[in-house]
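Subject: Structure handover

Hi,

Here is the structure for you to look over. My notes on it follow below.

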Amino acid sequence: MTVTHEIEHAFAVDETFRVPAFDALKGVASVGAMGVTRLDAVYYDTDDLRLARNQMTLRRREGGADAGWHLKLPGADGAHDEIGRPLDIVPAGDEWDARDAARPDLEAGAEQGLGFGGQARVVVPRVPEDLADLIAVWVRGAPLRPVARVSTVRRTWLLRDAQGHDLLEVADDQVRTRTMGRPLAGGGRVVASRWREIDVEVLDPAGERLLATADHLLLDAGARVAVGSSKLRRALAVDVGPPELAAMVATGTESGPGTAAGTATDPGRGGAGSAGQVVRTYLARHATALLAADPGVRLGTPESVHDLRVAARRLRSTIQTFRPLLDGEQAGRIEAGLREIGEVLGRPRDAEVQHARLRRALAATPGEQVLGPVAARVQETLLGEVLRGRAEALAYLRSDRYYRFIDDLLAFVASVGTTDLARQPARRVLPRLVRRADRRLTRRVRTARLAPPGTAQDVAYHRARKSAKRLRYACELMSPLVGRDARRLAARARRVQEQLGAHQDAVMAVARLRALAVASNHAGEPSFTYGLLTAQEQDRAAALRRDVARTWRKATRPGLRRWLRARPSGPRPAGSGRTM
């Protein structure tokens, strides 16, 4: 598979549109005409168009230099990551037969003449397993079927700089499309369309600086920004709907009893929103982040495991902090599932972090102080854990258990806001629950600072770190509602969390080094270097405890918490007394 980051802008034009002279653009030294190419693509999706709804496309395309399977996933910057596969990867015998009684949708499509020469028998290649795996968290067991065929006659120009580097590709596309099978599109009707569009794609990072200028040149020539993010969405000729949970992220739409469906309020304007609305918006945002990180974990993308774990931690922490607003039994099941995700993904991630940490420490150690095969033992032990942990994590992510949990998670987030307390104004209810999280952190920091050195102290600081995370995430949730004061407290909690996280990493490194030293002794190898590195980690942990003490003094300034001390009238959350 190949993975590329695709930045492309599409413009709608009519048949009389004349492509402007791009060599007039500053930074473009020459324009190369690449001739005409014929492309034929079949797009795959579920019957309810889950991929299109979540701004993804999966196609099998013939013709052109990049013929093959293409999966496009949305990127964080609004562009797409495209994963490509050659056509010859799929075995010839692994195909669908349209006359198979189990495939009535394909048979009906063939009878209606969908570009297969009117044949009664239509053979459609099956989606490669590794591409299907990357979108499994979105599909969750629904069959992938052909939903549209797109045929394109493309005329292409390459915009080059003075050194001959290709910066931008401009494509003038004459497009013909026809829906296939019986998807949601068109209510089961076959929809045929044709149009012309201009696509401008970045080929080199330097081309990004020219993209806006090229866009303006096309707009001045009479082009219009294309509606829809892909040819498929236009071909389907139907509103596929917003991505999963997107409406709740964007507007915090109310859906509880007594509220008209689709009614939205602004949680950042005078506290007009309900407590449930604010919490649901935050949960929806990070449930979306969890789903978005899933394909990267399967691809082995750097930091993807970290991103998925952070999303799971935010969700779990929010459920813990604002539990009085939620259905207790349902929240407990979701919290347990999020904990399982954290544990499964935590094993390879923690080993990976310690592996990198110890390698850096060894690289900084003078050679005469490295006695025995220390680097080899670290590599063998920790890299082995990384690989085994990753295999276990991928097995979990491919399990029915995980997909059922994702279904439950999305249903849970959509249901938040139905309890009596959740329907109360956010400014009345939420600060009290955040104050509980703040008090818990204060108690745990005090306990840690008074604990005797050793395991008890390390455990106490680790518990304080978890409380700092919970306060930080709670303040982030409150930031749209409260503004600067919540952001300031979140920043202080984050600083405490980061220092305590570094402290925990040092504690874990000491435990790792101790285990490596024991194994080294049993093998008859010198353990001097492990002792040296252990002393360094212990010194680092002590320095971090001093840093935490200084940061904590700043974090306890009264001005940071004025918004938590407000006491508006109304019912108090259960268990919100001073005994917490």
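pLDDT is the predictor's confidence in each residue, on a scale from 0 to 100. A contact means heavy atoms within 4.5 Å. This is a predicted model: local features need pLDDT of at least 70, side-chain atom pairs count only at pLDDT 80 or more, and totals for chains, interfaces and linings use all residues. Numbering runs from 1 along each chain as its sequence is written, and side-chain values use heavy atoms, with hydrogens and water left out.

Confidence first. The chain averages a pLDDT of 86, and 85% of the residues score at least 70. Residues 90–121 are one of them, with 56 contacts beyond four places in sequence. Residues 252–271 also stay under 50, with 41 such contacts. Where pLDDT is low, the predicted coordinates should not be read in detail.

Overall build. The chain holds 16 helices and twelve strands (DSSP runs numbered from the N terminus: H or I of at least four residues for helices, E of at least two for strands). Of its 580 residues, 49% are buried (under 20% relative accessible area, 1.4 Å probe, protein chains only; exposed is over 50%, partly exposed in between). Among contacts between residues at least 6 apart in sequence, 74% join residues at least 24 apart.

Cores. A nonpolar core is a set of buried Ala, Val, Leu, Ile, Met, Phe, Trp, Tyr and Cys residues joined through side-chain atoms within 4.5 Å. The largest has 96 residues, and Leu58, Leu290, Leu325 and Leu430 have the most contacts inside it. A second, separate core of 21 residues includes Phe11, Val28, Leu167 and Val202. Leu430 touches Leu325, and its other contacts include Phe322 and Met478, leaving aside residues up to four places away in sequence.

Arg61. This residue lies in strand β4 (residues 57–62). Is Arg61 buried or exposed? Arg61 is buried, because its relative accessible area is 8%. Its side chain makes a polar contact with the side chain of Asp66 at 2.7 Å (a pair of N or O atoms within 3.5 Å; within protein, one must be able to donate a hydrogen and the other to accept it, and residues adjacent in sequence count only if both atoms are side-chain atoms). Arg61 also touches residues including Leu39, His70 and Arg154.

Best wishes
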